[in-house]
Amino acid sequence: MPELPEVETTKASLLPLLGQQVTAVTVHQASLRWAVPDDLNLLIGKTLTDLQRRSKYIIADFSGQKMLWHLGMSGSFRICKANSELRKHDHVIFHFGDGEDDLQLRYHDPRRFGCLLWLDEQHQKKLIDTLGPEPLSDDFNADYLIEKLKNKNTAIKVALMDNHIVVGVGNIYATESLFKVGIHPARPAKSLTKKEIIALVAEVKLILQQAIQLGGSTLRDFVNAVGENGYFQQTLLAYGRAGEMCVNCETTLENIKLGQRASVFCPECQPIKVKKR
């Protein structure tokens, strides 16, 4: 599933479309996570004026008419020429111009868990206003996280992936961050010391920044809107490496399920028992 770095990378790859005017919208498959609005023709004649990211959402502004885009499990956007071959799971097409050499933005989603919605008051309140702070913002800091975790018995890995606490830190980057700072993913969140939380916040920020610089992680079929793969997966030390040796101590990495997600860890470098303070 595309996480924050993949969404940020996708947003950046869409920037060449800024200033382009929509001439048509074609919907081949409206049944995504939520039904694609049946009035996308309202975009015709409007110009793509801004692109922002909030959590794992891309907010596209068409001359004041805003849309909320989410890639779901397998979604991706592709900028291509109008005469490019249509792929099986190209569900929605935004046309910019009407000639063969003009550009199209195609939304591709084999599993159809993504969404393209109007950013109206209802969706703003339900999907955006309840989100926690951005992990790369100053609002996500050690003092904030200490306050959020102080009464939480839930596993720290689960807490770190809770969008009400902090947005966009998905399975890959939570796993890597916890490995780097030596915290077991199943540790009760409230058991973390101030020193550990300071280190964890710093590591989350660093790993996400590195992942964005490397174009995100291409584990299956993720590409940005111009067809480029991400390369952060080449640096992974824990995620997806269960059964392999730890790069630090050569102990065999193990895997547990937390929140229905695989959580790889080193039993030696990330002990579950908390030392007495």
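**Cysteines, a sheet and its helices**

Modeller: Cysteine 80 is buried, because its relative accessible area is 7%. Buried means under 20% relative accessible area, exposed means over 50%, and partly exposed is in between (1.4 Å probe, protein chains only). This is a predicted model: local features need pLDDT of at least 70, side-chain atom pairs count only at pLDDT 80 or more, and totals for chains, interfaces and linings use all residues. Residues are numbered from 1 along each chain as its sequence is written, and side-chain values use heavy atoms, with hydrogens and water left out.

A disulfide is a covalent bond between the sulfur atoms of two cysteines. Here the term covers a pair of cysteine sulfur atoms within 2.5 Å. Searching the whole structure gives 0 disulfides. Cysteine 249 is in none, and its nearest cysteine sulfur, that of cysteine 266, is 3.6 Å away. Cysteine 249 counts as partly exposed, at 30% relative accessibility.

Now the sheet. Helices (H or I, at least four residues) and strands (E, at least two) are DSSP runs, numbered from the N terminus. Two strands pair if DSSP finds at least two bridges between them. An open sheet is built from 4 strands in the order 2-3-4-8, with antiparallel pairing. Strand 2 (48-54) and strand 8 (115-118) are at the edges. Each has a single partner strand, so one side of each is left without a neighbour in the sheet. From one strand to the next, the twist averages 20°. Strand 3 (residues 57-62) and strand 4 (residues 65-70) are antiparallel partners over 6 bridges. Aspartate 61 has lysine 66 in strand 4 as its bridge partner.

Two helices meet this sheet. Contact means heavy atoms within 4.5 Å. Axes are lines fitted to C-alpha atoms, for helices over the stretch in contact, and angles run from 0 to 180 degrees between N-to-C directions. Helix 1 (residues 4-14) packs on the sheet and touches strand 2, strand 3 and strand 4. Its direction makes about 170° with that of strand 2. Helix 2 (residues 121-128) lies across strand 2, strand 3, strand 4 and strand 8, at about 130° to strand 8.

Asparagine 141 is in the loop between helix 2 and helix 3. Asparagine 141 is partly exposed, with a relative accessible area of 28%. A polar contact is a pair of N or O atoms within 3.5 Å; within protein, one must be able to donate a hydrogen and the other to accept it, and residues adjacent in sequence count only if both atoms are side-chain atoms. Asparagine 141 caps the N-terminal end of helix 3, with a side-chain oxygen 3.2 Å from the backbone nitrogen of aspartate 143. A polar atom of its side chain also lies 2.8 Å from the backbone nitrogen of tyrosine 144.

Helix 5 (residues 171-181) has 9 of its 11 residues buried, so it is largely enclosed by the rest of the structure. Among its buried residues are Ile172, Tyr173, Leu178 and Phe179. What covers them includes helix 1, helix 4, helix 6 and strand 10 (261-265). Just after helix 5, glycine 182 has a positive phi of about 75°.
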